[in-house]
Amino acid sequence: MSAEIKNLFPQHVWGYFYDLTQIPRPTGHMEAVTRYVEAFGKGLGLETLRDEVGNVLIRKPATPGMEGHKTVILQSHLDMVPQKNASVKHNFLTDPIDAYIDGDWVTARDTTLGADNGIGASFAMAVLSDETIKHGPIEALFTIDEEEGMDGAFGLKPGFLKGDTLINCDSEEEGELFVGCAGGADLNISVQFKEDTYVPEGDVAVKVNLTGLKGGHSGVDIHLGRANANKLMFRFLKEAVCDYGARLSSIEGGSLRNAIPREAFAVITIPGDNVESLWEMVADYQDMFREEYRGIENNISFTAEMVDLPATLIPEEIQDDLINAIEGCQNGVISMLNDFPGTVESSSNLAIVRSSDELIEIKILVRSSSESRKASVCSSLESIFALAGAKVEYGGAYGGWQPNINSPILNVMQQTYEDLFGKKPSVKVMHAGLECGIIQESYPAMDMISIGPDLEHPHSPDERVSIPSVQKVWDFIVAVLERI
């Protein structure tokens with residue numbers, strides 16, 4: 001069924017996007033997709049380069065009469081976030097994405113679609129292959145491994161690019177021009193312990209399952225008030241431990257640092273006499289969660305099932321400290337921007353909590369447009385987990401992209417949009433991380449802007465991209481390239 005998207009307009013954009021859906025390309029597994037893009041560029045007879053980290057650059061000369069125009073860089077990333085519903089068997093390392101048309105949208109069956117940022121890459125490929133549009137010199141930059149650490153952007157060396165104007169195609173709202181974005185930092189938290197091999201006599205084992213949450217992008221969707229599966233699970237665990245004598249054996253919540261966790265699972269033991277009461281408590285929590293998130297989360301499922309008694313437990317002191325730290329951890333929106341009303345300034349996402357043999361790992365992604373505020377949030381979180389005896393390490397830090405309201409490309413694109421569509425575009429700052437700020441560190445004089453079609457629920461299996469908005473963005477890109 002996914003081949004039907006090749007018949008959508010503009011056909012060359014959707015045709016390249018279909019090709020990308022057929023190539024497994026989760027972050028960290030870039031070889032197949034970079035080979036595809038390299039072969040594409042060389043097949044067109046265009047200069048095609050790959051740098052040391054794996055970014056691909058394709059250069060297209062100006063059309064006749066446009067040689068004196070600025071060199072424009074069209075930039076996108078090749079990797080995608082691998083998220084799926086628990087009920088589906090899908091291997092992101094081997095299986096293509098099953099994309100299909102749903103009204104005015106393209107989406108995927110039970111997995112992420114990869115329109116973030118496959119649709120941006122498809123725009124660039126369509127520009128490179130189209131001989132009918134007029135443009136100055138073009139550089140198409142395809143970066144790798146953006147979703148986990150922005151490795152491609154960090155690895156970009158000065159001098160690799162010749163252009164001084166960059167259009168990033170990784171934003172997700174048509175009609176909005178993005179001129180800045182937040183920076184971020186990872187907190188990698190760990191607790192090592194010696195497993196407790198004593199399971200209280202008379203205890204039985206229960207697995208608690210929290211599923212059905214929407215999740216989403218921890219930058220784009222953080223302001224929507226969606227539930228964080230880790231926060232909800234530990235809220236329940238605190239009462240289960242305090243009032244029902246529960247002991248925690250294992251925990252697994254969330255899977256990606258930049259995705260709001262959609263599911264969490266815990267194995268606990270409780271005295272056999274408390275099983276019926278626990279069942280009632282689980283049902284009550286499900287009702288409470290559904291009421292608290294009514295209108296936001298529509299499919300919260302909180303269930304429990306009997307399982308085999310585990311051989312070991314997390315030591316009681318470690319368990320209690322962990323529960324208290326997770327309960328006290330800031331999560332979600334922390335501050336808003338004054339200069340751009342409605343835009344989040346700072347946030348944190350309690351992305352992953354998982355236990356394995358004698359180790360608990362916690363990952364939190366902090367975002368902020370303010371470097372000082374980012375440091376403050378990180379310090380606050382570090383203090384909470386340090387009090388719990390955890391080891392806290394920082395990683396993956398990247399700076400924000402500071403707005404330039406006097407940007408020449410911004411002026412051109414504002415006027416072009418108004419001429420095409422009869423209304424002014426919005427000028428905004430994005431809370432999600434874009435590669436622009438990192439690229440600007442190597443190319444400080446580069447003029448940058450970010451655009452994209454309407455894309456909803458990235459980083460979740462509900463991801464979808466608006467078909468009409470893809471056509472509008474394509475028309476916009478073509479018109480802009482003629483004017484720069």
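Select residues 211-294, which UniProt lists, in an unreviewed entry, as "domain: Peptidase M20 dimerisation". UniProt positions follow the numbering used here, feature names are shortened, and annotations may be inferred rather than shown by experiment. The end C-alpha atoms of this span lie 16 Å apart, and its content is 40% helix and 19% strand. Helices (H or I, at least four residues) and strands (E, at least two) are DSSP runs, numbered from the N terminus.

The model is predicted: local features need pLDDT of at least 70 and side-chain atom pairs count only at pLDDT 80 or more, while totals for chains, interfaces and linings use all residues. Residues are numbered from 1 along each chain as its sequence is written, and side-chain values use heavy atoms, with hydrogens and water left out.

**Two domains**

Colour 4-182 + 401-482 as domain 1 and 184-398 as domain 2; such bounds come from an automatic or database domain assignment. Their centres, taken over C-alpha atoms, are separated by 34 Å. Domain 1 puts 29 residues into the contact and domain 2 puts in 28 residues, where contact means heavy atoms within 4.5 Å. About 2,200 Å² is buried between domain 1 and domain 2, with 55% of it from carbon and sulfur atoms. Buried area is the accessible area (1.4 Å probe) that two parts lose on being put together, summed over both. Zero salt bridges are found across this interface; a salt bridge is a side-chain nitrogen of Lys or Arg within 4 Å of a carboxyl oxygen of Asp or Glu.

**Strand β16**

Next, select residues 359-368, strand β16; seven of its ten residues are buried, so the strand is largely enclosed by the rest of the structure. Buried means under 20% relative accessible area, exposed over 50%, and partly exposed in between (1.4 Å probe, protein chains only). Strand β9 (residues 183-192) pairs with β16 in the antiparallel sense over ten bridges; two strands pair if DSSP finds at least two bridges between them. On that side, S190 stands opposite E361. Strand β15 (residues 344-356) also runs antiparallel to β16, joined by ten bridges, and S348 has V366 as its bridge partner. The β15 and β16 hairpin has two residues between the strands, and E358 there takes a positive phi near 60 degrees.

Show the side chains of R354 and E361, which form a salt bridge at 3.4 Å, N to O. R354 is partly exposed at 31% relative accessibility, and E361 is partly exposed at 26%.

**The β4-β5-β21-β20 sheet**

Move to the open sheet of four strands in the order β4-β5-β21-β20, with antiparallel pairing. Its edge strands are β4 (99-102) and β20 (455-456), each pairing on one side only. Two bridges join β20 to β21 (residues 464-466), and L455 has V465 as its bridge partner. R464 and E456 meet in a salt bridge at 2.9 Å, N to O; R464 has a relative accessible area of 25% and E456 one of 28%, both values being in the partly exposed range.

**Other charged pairs**

The whole structure holds 20 salt bridges. One to select is E47 with R59, at 3.1 Å, N to O. E47 lies in strand β1 (residues 47-50) and R59 in strand β2, so the pair ties together parts twelve residues apart in sequence. E47 is partly exposed at 40%, whereas R59 is buried at 12%. Then show E31, R35, E38 and R50, which are linked in a salt-bridge network.

**Last stop: T71**

T71 lies in the loop between β2 (56-60) and β3 (72-77). Leaving aside neighbours within four places in sequence, T71 is in contact with P137, E139, G163, D164 and T165.
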